[in-house]
Amino acid sequence: MFTWQNKLKVFAPVVLRLSIACVFAWFGFSQLFDPASWTGFVPSWAVSSSHMSAVTLVILNGSLEIIGSMFLAAGIWSYFAALILGLHLFGITLSLGLTALGVRDFGLSLATIAIFLWGKDEFSII
Amino acid sequence: MNKKIITGFLGLVLVAVFGIIAYRQSQPSGSSQTPTVSPNGNNAQVDNGNTPPSAPVGATRTKGYEGDDDYAPSQTPTGATAPTGSNTNPSGSSASSYTLSQIAGHATASSCWSAINGGVYDLTNWIVKHPGGQQAILSICGKDGSAAFNNQHYGSQKIANLLASFKIGTLSAN
């Protein structure tokens, strides 16, 4: 391995953590600011079992993603936030199925799980 | 410890930046809603005597999709009123039938119609919201997008339900 790679690899986990945080932040805020556009993706069983409207579920989902992204970005209990977000996104992937969106989200969910597996990096606060 | 705090702070700034970007994208742009009114001057529509589905469709379809009970009632009058006066079926059998030539007149981002699996859909407001990017929708504006749609979303009931909320009529063979 080159010397510069040795020096730079310490940034690898934090780059992954911040980039995944950005993804969840974007989608979380999108759901919060325009929940009606996302109601089509809410499974019917979630609406019927929770007795909440699809809009409410979208807002709650967006809030979860925003909070998780903030923990990820700040490096506070990031591994815990990564586990929750990763499993959450993996569940969404299963509902999307084998489509372009599903495959993309599958990769993202595993990348988020990787943050959990890595644990605390050098730039994490807690 | 300093580098951790700085990194954490920068991370939160990044989250805030993406939040602002998402907020700006969620705001109705002039091209997504207003043009749904302005195409009144669309020659294709005027020539055919069509009542443009513009404002009512654009205004209501952003408020939820089929399957969302909170917004279902708002969709009903859209489907019923928009095509009124737009009957181009010579037989007069349906008030919401469109031919491919009529659909071809709505091939822009300001007015995007597409025929998918026998139905006609107004996808104007969906262009900027499509998770797979705008180009995927723009590429089927004004034409039969069945192949592109089925290649990407075939078998997905969720996507089919979402698409149904944009339906404005059926494809006429004439």
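**Exercise 1. How many helices and strands does the secondary structure of chain B come to, and what pattern do they follow?**

Step 1. Count the elements: chain B has eight helices and six strands. Helices here are DSSP runs of H or I with at least four residues, strands are runs of E with at least two, and both are numbered from the N terminus.

Step 2. Now read along the sequence of chain B, and you get α-α-α-α-β-α-β-β-β-α-β-α-α-β.

Step 3. Of its 174 residues, 41% are buried (buried means under 20% relative accessible area, exposed over 50%, partly exposed in between, with a 1.4 Å probe and protein chains only). Among contacts in chain B with a separation of 6 or more, 64% are between residues 24 or more positions apart; contact means heavy atoms within 4.5 Å.

Before you go on, a word on the ground rules: this is a predicted model, where local features need pLDDT of at least 70 and side-chain atom pairs count only at pLDDT 80 or more, while totals for chains, interfaces and linings use all residues. Residues are numbered from 1 along each chain as its sequence is written, chains are lettered from A and ligands numbered from 1 in the order in which they are written, and side-chain values use heavy atoms, with hydrogens and water left out.

**Exercise 2. Describe how α5(A) and α6(A) pack.**

Step 1. Find the helices: α5 covers residues 78–96 of chain A and α6 covers residues 100–118 of chain A.

Step 2. Look at the geometry. Their axes are 8 Å apart, and the angle is about 160°. That makes α5(A) roughly antiparallel to α6(A) (under 35 degrees is roughly parallel, over 145 roughly antiparallel, 65 to 115 roughly perpendicular, and the rest oblique).

Step 3. Check who meets whom. Residues of α5(A), including Leu83(A), Gly86(A) and Phe90(A), meet residues of α6(A), including Asp105(A), Phe106(A) and Ser109(A).

Step 4. Sort that contact by class: it has 15 nonpolar, six polar and one charged residues. Ala, Val, Leu, Ile, Met, Phe, Trp, Tyr, Cys and Pro count as nonpolar, Asp, Glu, Lys and Arg as charged, and the others, Gly among them, as polar.

**Exercise 3. Classify the ring pair of Phe90(A) and Phe106(A).**

Step 1. Start with the rule: rings of Phe, Tyr and Trp (its six-membered ring) pair if their centres lie within 6.5 Å; planes under 30 degrees apart are stacked, over 60 edge-to-face, and the rest tilted. Over all chains, the count comes to nine aromatic pairs.

Step 2. Apply it. The ring centres of Phe90(A) and Phe106(A) are 6.1 Å apart and the planes stand at 50°, so this pair is tilted.

**Exercise 4. Where do His51(A) and Trp77(A) lie?**

Step 1. Recall the background: most residues other than glycine have a negative phi.

Step 2. Take His51(A), which has a positive phi of about 60° although it is not a glycine. His51(A) sits in the loop between α3 (44–50) and α4 (54–74) of chain A, and is exposed at 71% relative accessible area.

Step 3. Take Trp77(A), not a glycine either, with a positive phi of about 50°. Trp77(A) sits in the loop between α4 and α5 of chain A, and at 44% is partly exposed.

Terms used: Axes are lines fitted to C-alpha atoms, for helices over the stretch in contact, and angles run from 0 to 180 degrees between N-to-C directions.
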